[in-house]
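Please examine the sequence and the model shown here.

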Amino acid sequence: MAILEVEHIHKSFGRTEVLKDVSFSLEKGQVVSIIGSSGSGKTTLLRCLNFLEHPDKGVIRVNGETLFDAGDLTTQLETQIRKKRLHFGLVFQSFNLFPQYTALQNVMLAKELLAEELPDYKARKKEIHREIKEQAVSLLTQMGLENRMNNYPHQLSGGQCQRVAIARALALDPDILCFDEPTSALDPELTGEVLKVIKELADNNHTMIIVTHEMSFAKEVSDQVVFMDDGYILEQGTPSQVFDSPKEERTKQFLKNYHSK
Amino acid sequence: MELMLEQFPIVVQSLNVGFLQTLKLFFATLIGAVPLGLIITFGSMSRFKPLSFITKIIVWIVRGTPLMIQLLIFYYFPGLVLGKPIWGSGETGRFFAAAVAFIFNYACYFSEIYRGGIQSVPVGQEEAGLVLGMTKSQIFFKVKLLQMVKRIIPPMSNEIITLVKDTSLARIIALQEIIWAGQAFLKGSQGISGAIWPLFFTGVYYLIFSGILTVLLGRLEKKLDYFR
Amino acid sequence: MKKIITFLMSAIMVLSLVACGSAKEQTDMEAVKEKGVLVVGITDFAPMDYEDDNGEWIGFDADMAKAFAKSLGVKVEFVEIDWDNKVMELDGKTIDCVWNGMTLTDEVKSAMDCSNAYCNNAQVVVVNKDVADKYKDVDSLSGLKFAVEAGSAGEKEVNALELECTPVKAQSDALLEVKSGTSDAAVIDLLMAGAMIGEGTGYADLTYTVSLNSEEYGVGFRKGSDLVDALNKFFADSYKDGSMMKCAKQYGVQESIIEQ
């Protein structure tokens, strides 16, 4: 069974229709890259999955459970949406780390706040705190940041910040991890370290959706590539299908523009 | 010069009493206006249109008219128009009227500073909190508040220093703060008349007090320098 | 928007109507007796109202006010006010009367109901001691630059004589002008001049010469107040039994007292 099913998503901002009937599905452990020019609706799609936007029409299912159905208001209650968001993690283009916390605190904060809701929180406070900290330390070590844990975001490079942000998203152990152009805000020499980390996650069978402009990276890491244009999914398939023998004229043109850059 | 030395102890004692009143008004205003300002901010940023509209009108009126007139209205209006002087005539009543007018006035200024502070925290901070499963109030208190505070300290410091000096406006409703006390010796009081220096000497009190505040606020600002 | 304004306007009008209605219920005398205290608006103005070493208000006016309150069977409360706001203080009911060596001008009489005059005063010209000999009569004053309190009796006199003058905020400011040399002369109350300038004051090098007019002091009440008649009767009684004169002698103003 597919881990994620997205069916007939529509989203408009005012009169501009940004997503026009988007459907796709994803198997557990798969990596899908979404490519396309700016304004094609890629980022909006990710924001819909993370409930930062509410689709006007459509259904989102995770592990067969309907998380969102535009036709069913009971799936849109603010209190439930908070829990539903935890199925997804999101890594932002501009990191959005919390500047007043250290790298370690950034990774721990959300998990600690969630732990306060556990029924046995009071009794196991110290133990829980220790577990959360151990997990955060191991995540940051995995990101190659063992020497940077107590630094504040402004003391870190862009690439390091983005790796902290990835660790922060992983800390909540999401079913599906989303990346919104994770290297677009970075200097070219820093993109490598972030892409390397994402590649490792892919090798460890994390289910991921990556919106990216790094075509060679998408080709290398993805199981599936989706090409979006003007709010539609125009073409979809394995990397070799989409990159090497695209069917649509628009896809060919887009890829050509990219290669000539 | 000799005369001045003779007058000095009497004058200083009288100025101290006046300055105590100045300090009382200053702290009462601060304690009242800091939280009230936040309430006004939430009112003016409310998504419920009539509430935000009315709040904005009130803020516009309060910021658009001189504090001196507001003092006169707060103190005299109940007696003049309603026929019921609610404040009482004595020193305490005048102090309360002045404090209420000051709190209201400064809360409106603070609310605009808070609003700027809240709006200057990038949207991404809230979104990052949301996708990490935080509640709105957790996001406000754990993520946004400190960033807001950091951003509003410089403009708040300005307002607070201005408040120190603005307290002297309260003498329009005969609140006997330090300038009133200093001026009394010009007209004649406690056997000293035509003494000009006490009025100018009040400046020393203001200078020292605002100096202390500047240092304290500077320290607070520095304390939040650890992040950007 | 229009609706809101209309609503606010009507709310204010209803409130003021209610206010007018209720204000008529009680006379001043009844109100003072009910609260048990007569609130007297004053300024620090020796020898009429000033504080002694214990911070208690004394002076010719203050002592008479205490005696008047006693005759009504109520306590007295002295409240220092901003002189510019005296009419507002009265109408706003934050004080019951203005009893502070107040000159009975036409403006004062039109804004308040006043008692009979009880004390004479004059407006005098204040100049530097060194030049005092040159200014002994009204004719010698032309060419001087004057400083006077805005709206005071002194300003009126100076304007009537068509002399060059700068209005300032208070009589004391007028003296400051002369002392600092920014004006040549000031016109202030005789009683005040007696207390504020000459040896032992901050204005030791000033003196007063020409008297411009004579004027009279009275006590001011709200329009329509029934306390006016009560005070006039009290003045007449205390003049007859000599207690007013006794009080005047204590503060050195016996020469100026008007027969009641």
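In this predicted model, Arg115(B) is partly exposed, with a relative accessible area of 23%. The cut-off explains the wording: a residue counts as buried under 20% and as exposed over 50%, so a value in between is called partly exposed. Arg115(B) takes part in a salt bridge with Glu112(B), in which the closest N and O atoms are 3.0 Å apart. Side chains of opposite charge can pair when their charged atoms come close. Both residues belong to helix α4 of chain B, and because they are 3 residues apart there, about one helical turn separates them. An α-helix has 3.6 residues a turn, so residues three or four places apart point the same way.

Helix α4 of chain B, which covers residues 91–120, also meets helix α1 of chain B, residues 2–44. How do these two helices lie relative to each other: parallel, perpendicular or oblique? Their axes come within 5 Å and cross at roughly 45°. Angles under 35 degrees count as roughly parallel and those from 65 to 115 as roughly perpendicular; α1(B) and α4(B) are therefore oblique to each other. The crossing of α1(B) past α4(B) is right-handed. Sorted by class, the residues in the contact of α1(B) with α4(B) are 21 nonpolar, 7 polar and 3 charged.

A second salt bridge in chain B joins the side chains of Lys136(B) and Glu126(B), with a distance of 3.0 Å from N to O. Lys136(B) is in helix α6 (residues 136–166) of chain B, whereas Glu126(B) is in helix α5 (residues 123–131) of chain B, so this pair ties together parts that are 10 residues apart in sequence. Glu126(B) has a relative accessible area of 17% and is buried.

The buried residues of α5(B) include Gly124(B), Ala128(B), Leu130(B) and Val131(B). Against what do the buried residues of α5(B) pack? Within chain B they pack against α6, and in chain A against α1 (42–49), α2 (78–85), β6 (88–91) and α5 (158–171). After α5(B) comes Gly133(B), whose phi is positive, near 80°.

The view can now widen to chain B as a whole. Chain B contains 8 helices and 0 strands. Its C-alpha trace spans about 75 × 50 × 25 Å along the principal axes. Chain B has 228 residues, of which 51% count as buried. Among the contacts in chain B with a separation of 6 or more, 76% are between residues 24 or more positions apart.

Chain C has 10 helices and 11 strands. The C-alpha atoms of chain C fill a box of roughly 65 × 60 × 35 Å along the principal axes, and buried residues make up 49% of its 260 residues. For contacts in chain C with a separation of 6 or more, 70% link residues 24 or more positions apart.

One link across the sequence of chain C is the salt bridge between the side chains of Arg222(C) and Asp28(C), at 3.3 Å from N to O. Arg222(C) lies in the loop between β11 (206–221) and α9 (227–240) of chain C, and Asp28(C) lies in helix α2 (residues 28–35) of chain C, so the pair ties together parts that are 194 residues apart in sequence. Arg222(C) counts as buried at 10% relative accessibility, and Asp28(C) is buried with a relative accessible area of 13%.

Is Lys70(C) buried or exposed? Lys70(C) is exposed, with a relative accessible area of 69%. Its place is in helix α3 (residues 60–72) of chain C. The C-alpha atoms of Lys70(C) and Phe60(C) are separated by 16 Å, the two residues being 10 residues apart along the chain.

Finally, consider how the chains meet. There are 2 pairs of chains that touch, and the pair with the most contacts is chains B and C. Chain A and chain C do not touch, their nearest C-alpha atoms being 27 Å apart. Over all chains, the structure holds 33 salt bridges.

Technical notes
Residues numbered from 1 in each chain as written. Chains lettered and ligands numbered in written order. Heavy atoms only, no water. Axes fitted to C-alpha atoms, helices over the stretch in contact; angles between N-to-C directions. Helix = DSSP H or I, 4+ residues; strand = E, 2+ residues; numbered from the N terminus. Parallel < 35°, antiparallel > 145°, perpendicular 65-115°, else oblique. Left-handed = near helix turned anticlockwise from the far one by under 90°. Nonpolar A, V, L, I, M, F, W, Y, C, P; charged D, E, K, R; others polar. Contact = heavy atoms within 4.5 Å. Salt bridge = Lys/Arg side-chain N within 4 Å of Asp/Glu carboxyl O. Buried < 20%, exposed > 50% of the residue type's maximum accessible area, 1.4 Å probe, protein only.
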